[in-house]
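Subject: Structure handover

Hello,

Here is the structure you asked about. Please open it and keep it beside this message as you read.

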Amino acid sequence: AGANITVANAGNTFTGTVAFAGAGGLGNVAISDTTALDLQAMTLGGTLNVTATAGAITNSGALAVSGASTFTANGAGGAITLMQPGNNFAGAVSLNTVGNAAVTDLAGGLDLGASTVGGNLTATATTGGIVQSGVITTGANGSSFTASTAAQAIDLSTQSNVFGTNSVAFTTSGAADVAVKSDALNFGTTGVGGKLTATRSEGDTPELQAPAASASAAIFTKNI
């Protein structure tokens, strides 16, 4: 099962990168920091819970997590950047910050858990698709969701997301579809290899508002 490590005291201050190790591997890890937090490479058999009460969360090494991962940076200077190309999140990833958030997943697809992002959200699945297990809320223009490998879809239609009037872009290749549901939908530059299905959960039927958009077919509906 691996060793469980909890260093979640609200007064912790780590000025350098932070690494964890355990005999027989690592299970669950929880860490809190009063400043910016930089995570080194680690492999966990359980969950990862990371909080920076002031400053940003980054990773200078790849994170491989079997369970759910939660990252919170809601203090001054808060942002979350988890763009190491070797990241592998097998469980849901929740991102909560007053600033921007970015996450990359290498294998098996990316599952976005409940996330509230004050800025924009950039999510990239290198070899899998993107799905969600919780509501996603964004607070600024420029969010993007990309499934880089052919025939890997993006499905953000299982929850009533809250994108507001902030622009959201989607990219798939091959014949991969995109489905999205939100209170409002303002599309940024979007390229969909398959079908684009958009559902607006409030207000009028959505309009495709994008400087450039392509899809093999598009369906726009409202669900009040």
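This is a predicted model: local features need pLDDT of at least 70, side-chain atom pairs count only at pLDDT 80 or more; totals for chains, interfaces and linings use all residues.

Residues are numbered from 1 along each chain as its sequence is written, and side-chain values use heavy atoms, with hydrogens and water left out.

Start with strand β22, residues 178-182. Strands (E, at least two residues) are DSSP runs, numbered from the N terminus. In β22, 5 of the 5 residues are buried, so the strand is largely enclosed by the rest of the structure. Buried means under 20% relative accessible area, exposed over 50%, and partly exposed in between (1.4 Å probe, protein chains only). Val178, Val180 and Ser182 point one way from β22, while Ala179 and Lys181 point the other way.

Next, the partners of β22. Two strands pair if DSSP finds at least two bridges between them. β22 pairs with β20 (residues 154-161) in the parallel sense, over 4 bridges. There, Leu156 stands opposite Val180. β22 also pairs with β25 (residues 195-200), again parallel, over 5 bridges. Thr197 in β25 is the bridge partner of Ala179.

Now the loops. Ala151 lies between β19 (143-147) and β20. Its phi is positive, about 70°, although Ala151 is not a glycine. Ala151 counts as exposed, at 56% relative accessibility.

Ala54 sits in the loop between β6 (48-52) and β7 (57-59). Ala54 is partly exposed, at 27% relative accessible area. Its C-alpha atom is 7.1 Å from that of Asn74, 20 residues apart along the chain.

Best wishes
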